[in-house]
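Let's take a walk through this chain together, starting with its overall build and ending at a single loop residue. Keep the structure open beside you as you read.

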Amino acid sequence: MFEPYRAAADIDVVPSYFPIPGLGIVPVNAFVLKASQPVLVDTGLVPLSDEFMETLSSVIDIGDLCWLWLTHTDQDHIGSLWRVLEAAPKLRIITTYLGVGKMSLWNPLPMDRIYLLNPGQSIDVGDRTLTAIKPPSYDAPETTGFYDPKADAFFSSDCFGALMSEPVDNAAGMGAENLRKAMVFWATVDAPWLHTVDRSLFAESLGRVREMSPKLVLSAHLPVASDMTDKLIENLATAPEAQPFVGPDQKALEAMLKGITG
Ligand SMILES: [Fe+2]
Ligand SMILES: [Fe+2]
């Protein structure tokens, strides 16, 4: 876990990083949107649950949370889901039918604590209305991000992530070329289907983010990106043509382990 920081006056980032041996580090962010009905966006990594709960409680009284926006049910997004549910008795989980279905494969969500919202639908959280959006790339079918018009922020889930070499707290701080490479690499790992996608349909889906033109892009896997939405879109647009990702094989793993053990 790293220290929490502000993405905007009403948005706190609860950041951590996950190392992927041989490839780099992936930021794993949750967000606290301080709407009049406060919204937590995702719940971090399973192995860092104690640290996550501690850091979260330093930015908000967890009992005050009204909503958990669960972008999808991957392990790096549900790390403290059950603990948050317990600590915030009035909180309801915004997810989709598929999200509920996938959770029920191992630990069903309580039906009276869920709120089903599909892409294109909106929810009022007191002082603003959030609209659910299917991001242009994702790794799980239930994935739903959202747009907050008051903060002018697009919460993009796994989309626009980056596999980085070192932690930074602002995407612009990575340098343009470094950012492009890190984003394209992440996209080939997280969404290998991009290589087979119809290019014009993918361009249309990126175009919808360009039209939305949010000031802030808040990805689960990228440091905060402010005033650089066009750049992020341009970078992701090149991912389908990039080299497909192939993981290390057994021979490479043995070489890695030999390197570690000497
Ligand atoms: Fe994911
Ligand atoms: Fe993720």
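Two residues are in contact here if their C-beta atoms, placed from the backbone, lie within 7 Å. With that in hand, look at the chain as a whole, bearing in mind that this is a predicted model. Among contacts between residues at least 6 apart in sequence, 61% join residues at least 24 apart. The radius of gyration is 18 Å, which agrees with the value near 18 Å that a compact globule of 262 residues would have. Along its principal axes, the C-alpha trace spans about 50 × 45 × 35 Å, and 40% of the 262 residues count as buried. The secondary structure comes to 7 helices and 13 strands.

Now turn to a sheet. Six strands make an open sheet with mixed pairing, in the order E8-E9-E10-E11-E12-E13. Strand E8 (122-124) and strand E13 (225-226) stand at its edges with a single partner strand each, so one side of each has no neighbour in the sheet. Strands of a sheet pair through backbone hydrogen bonds, either parallel or antiparallel. Further in, strand E10 (residues 145-148) and strand E11 (residues 153-157) run antiparallel and are joined by 3 bridges. If you look for Asp148, you will find that its bridge partner in E11 is Ala153.

Next come the helices. Helix H4 (residues 176-190) has 15 residues and reaches 21 Å from its first C-alpha to its last, close to the 21 Å expected at 1.5 Å a residue. Its buried residues include Leu179, Met183, Phe185 and Trp186, and Asp190 is also one of them. What do the buried residues of H4 pack against? Their partner is helix H6 (229-237).

In H6 itself, Leu232, Asn235 and Leu236 are buried. Seen down the helix axis, these buried residues fall within an arc of 95°, so they line one face of H6. An α-helix has 3.6 residues a turn, so residues three or four places apart point the same way. The cover over the buried residues of H6 includes H4, helix H5 (199-212), strand E12 (216-219) and E13, and E12 and E13 are also strands of the open sheet.

Our last stop is the loop between E13 and H6, where Asp227 has its place. Is Asp227 buried or exposed? It counts as exposed, because Asp227 has 11 C-beta neighbours inside 10 Å, and the cut-off for exposed is 12 or fewer. The C-alpha atom of Asp227 is separated by 9.2 Å from that of Ala172, 55 residues apart along the chain.

Notes:
Residues are numbered from 1 along each chain as its sequence is written. Chains are lettered from A and ligands numbered from 1 in the order in which they are written. This is a predicted model: local features need pLDDT of at least 70, side-chain atom pairs count only at pLDDT 80 or more; totals for chains, interfaces and linings use all residues. Two strands pair if DSSP finds at least two bridges between them. Helices (H or I, at least four residues) and strands (E, at least two) are DSSP runs, numbered from the N terminus. The expected span of a helix is 1.5 Å times one less than its number of residues. A residue is buried if 20 or more other C-beta atoms lie within 10 Å of its own, exposed if 12 or fewer, and partly exposed in between; C-beta atoms are placed from the backbone. The radius of gyration is taken over C-alpha atoms; the globule rule is 2.2 Å times the number of residues to the power 0.38. The arc is that of the directions from the helix axis to the C-beta atoms.
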